[in-house]
Amino acid sequence: MKLIIAIINPFKLEEVRVALTEIGVNGMTATDVKGFGRQKGHKELYRGAEYIVDFLPKIRLEIVVANDRLDETIEAIVKTAASGKIGDGKIFVLDHERVVRIRTGEVGEQAI
């Protein structure tokens, strides 16, 4: 099993959720986060004063998938989250040893 961590723009969350549901992804966790990458934030103007926004709002998605579903899941995220502009986000893939469904005690892929 693999754990996919995707950092995306907040306005793309619903699009990504729909795309993942369509390919059969059963669940995910979404968390509001702040961060920056190569763009290193940006300048904004508020009531005539300029200030720097170092940390930009993003969404962190965590999705556990079977190994054979990894490529299609990543492809769905990339297709729907990409705007072609700097700051679209990143995807990280980690090995995931074990999943246990608390309610039933199911283990492994049955618990996903």
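**View 1. G35 and its partner across the strands.** In this predicted model, G35 stands opposite L56 of strand β5. Strand β2 covers residues 29-35 and pairs with β5 in the antiparallel sense, over seven bridges. Two strands are said to pair here if DSSP finds at least two bridges between them. The strands themselves (E, at least two residues) and the helices (H or I, at least four residues) are DSSP runs, numbered from the N terminus. A word on how to read these views: residues are numbered from 1 along each chain as its sequence is written. Because the model is predicted, local features need pLDDT of at least 70 and side-chain atom pairs count only at pLDDT 80 or more, while totals for chains, interfaces and linings use all residues; side-chain values use heavy atoms, with hydrogens and water left out.

**View 2. Strands β1 and β5 side by side.** Here is another antiparallel pair: β1 (residues 2-8) meets β5 (residues 56-65) over seven bridges. As a reminder, strands of a sheet pair through backbone hydrogen bonds, either parallel or antiparallel.

View 3. Step back and you can follow four strands in the order β2-β5-β1-β6, forming an open sheet with antiparallel pairing. At the edges sit β2 and β6, each of which pairs on one side only. From one strand to the next, the twist averages 20°. Helix α1 packs on the sheet and touches β1, β2 and β5, and its direction makes about 10° with that of β5. Helix α2 also packs on the sheet, touching β1, β5 and β6, with its direction at about 5° to that of β1. Contact means heavy atoms within 4.5 Å; axes are lines fitted to C-alpha atoms, for helices over the stretch in contact, and angles run from 0 to 180 degrees between N-to-C directions.

**View 4. S83 in its loop.** Look for S83 in the loop between α2 (70-81) and β6 (89-95). S83 is partly exposed, at 37% relative accessible area; that class lies between buried (under 20%) and exposed (over 50%), using a 1.4 Å probe and protein chains only. Leaving aside residues up to four places away in sequence, S83 touches K12 and D88. A polar atom of the S83 side chain lies 3.3 Å from the backbone nitrogen of K85. For a sense of scale, V18 is 65 residues from S83 in sequence and 17 Å away in space, C-alpha to C-alpha.

**View 5. Salt bridges, three of them in close-up.** The structure holds seven salt bridges, each defined as a side-chain nitrogen of Lys or Arg within 4 Å of a carboxyl oxygen of Asp or Glu. In one of them, E14 joins R17, with the closest N and O atoms 2.5 Å apart. These two residues are separated by about one helical turn, because they sit three residues apart in helix α1 (residues 13-22). Both ends are partly exposed: E14 has a relative accessible area of 46%, and R17 has 35%. Next comes E72 with R69, where the closest N and O atoms are 2.4 Å apart; E72 is partly exposed at 33%, and R69 is partly exposed at 24%. Finally, the side chains of E106 and R101 meet at 3.1 Å, N to O, with E106 partly exposed at 32% and R101 partly exposed at 27%.

How values were computed
Polar contact = N/O pair within 3.5 Å; in protein donor to acceptor, adjacent residues only side chain to side chain.
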